[in-house]
Amino acid sequence: MKKTVKEIRSENIARGTWSGGTTAEYLSYPEGSTFEKRDFLFSICSATVDLEKSIFTDYTGYDRVILSLTEPYRLVHGDSEEYRLRPYQPHAFAGEMKTISYGKYTDLNLVMDRKKCTGEMYTIQLMPQGEFYGSAGSGNDSLIMTAILCAEGGCTLFFGETEYILKPRDMVAAERKLLKEAFFCKNNGTDPCRLVVCETRTK
């Protein structure tokens, strides 16, 4: 049977550079597609922004959702559309918009082919011994993937009966069109845990 859940450990992520810092590519779908070739339906990556001012890469034809994992920052779209964003505050925008970033931070990006895919990003905060129950997959071809990044702390994540222990910057991604089970996560530690969830659907 095709494996429906993928573990992506922080120490095994493919890393590279861009004009403003470094990148870490978590996942491109379908398997075999890459962020560089832009042949993906969607892609999830993280980037460090090491310059106080940087210009985002043009992604014409793609929609983006970005979220800072570390520091507050400021985005300016075009000539005047400005957003001051807090850590863990998702921000969606069109990939072809001229975008300038102000501030040094580490982000998480969800980039989607606008003609074929849509998606969202949201966060979960688990206090010590806290629990969260996610929704079940539909078993159809609409909900493609649920990807869960452990941004801070650590937790135990379950998809069905299978257990995954996540540490900071680990990710687990499940193909929900095949996997119908709900996901469940619990913080067994003594520090708060912060998770970022990316969900994608075909149009």
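A search of the whole structure, a predicted model, finds 0 disulfides, a disulfide being a pair of cysteine sulfur atoms within 2.5 Å. Cys-150 is in no disulfide, and the nearest cysteine sulfur to it, in Cys-193, is 4.3 Å away. The sulfur of Cys-155 also has its closest cysteine sulfur in Cys-193, at 4.3 Å, which is too far for a bond.

In this predicted model, local features need pLDDT of at least 70 and side-chain atom pairs count only at pLDDT 80 or more, while totals for chains, interfaces and linings use all residues. Residues are numbered from 1 along each chain as its sequence is written, and side-chain values use heavy atoms, with hydrogens and water left out.

The table lists relative accessibility; buried means under 20% relative accessible area, exposed over 50%, and partly exposed in between (1.4 Å probe, protein chains only).

| Residue | Relative accessibility | Class |
|---|---|---|
| Cys-150 | 0% | buried |
| Cys-155 | 5% | buried |
| Asn-187 | 0% | buried |
| Glu-81 | 35% | partly exposed |

A nonpolar core is a set of buried Ala, Val, Leu, Ile, Met, Phe, Trp, Tyr and Cys residues joined through side-chain atoms within 4.5 Å. The largest has 27 residues, of which Tyr-26, Phe-42, Ile-44, Leu-108 and Val-196 touch the most other members. Strands that each supply at least two residues of this core include E3 (21-29), E4 (42-49) and E14 (143-152); E14 gives the most, with 5 residues. Strands (E, at least two residues) are DSSP runs numbered from the N terminus. Another core, of 17 residues, lies apart from the largest one and has Cys-155, Tyr-164, Ala-174 and Cys-193 among its members.

Contact means heavy atoms within 4.5 Å. Leaving aside neighbours within four places in sequence, Ile-44 is in contact with residues including Tyr-26, Leu-108, Ala-147 and Cys-198.

Asn-187 sits in the loop between strand E18 (182-186) and strand E19 (193-202). Its side chain reaches the backbone oxygen of Asp-191 at 2.8 Å, and a polar atom of that side chain lies 3.4 Å from the backbone oxygen of Met-127. Beyond four places in sequence, the contacts of Asn-187 include Gly-154, Cys-155 and Cys-193.

Glu-81 is in strand E8 (residues 81-85). Its side chain makes a polar contact with the side chain of Tyr-83 at 2.6 Å. A polar contact is a pair of N or O atoms within 3.5 Å; within protein, one must be able to donate a hydrogen and the other to accept it, and residues adjacent in sequence count only if both atoms are side-chain atoms. Not counting residues up to four places away in sequence, Glu-81 touches Leu-75, Val-76 and Met-97.

Key:
Helix = DSSP H or I, 4+ residues; strand = E, 2+ residues; numbered from the N terminus.
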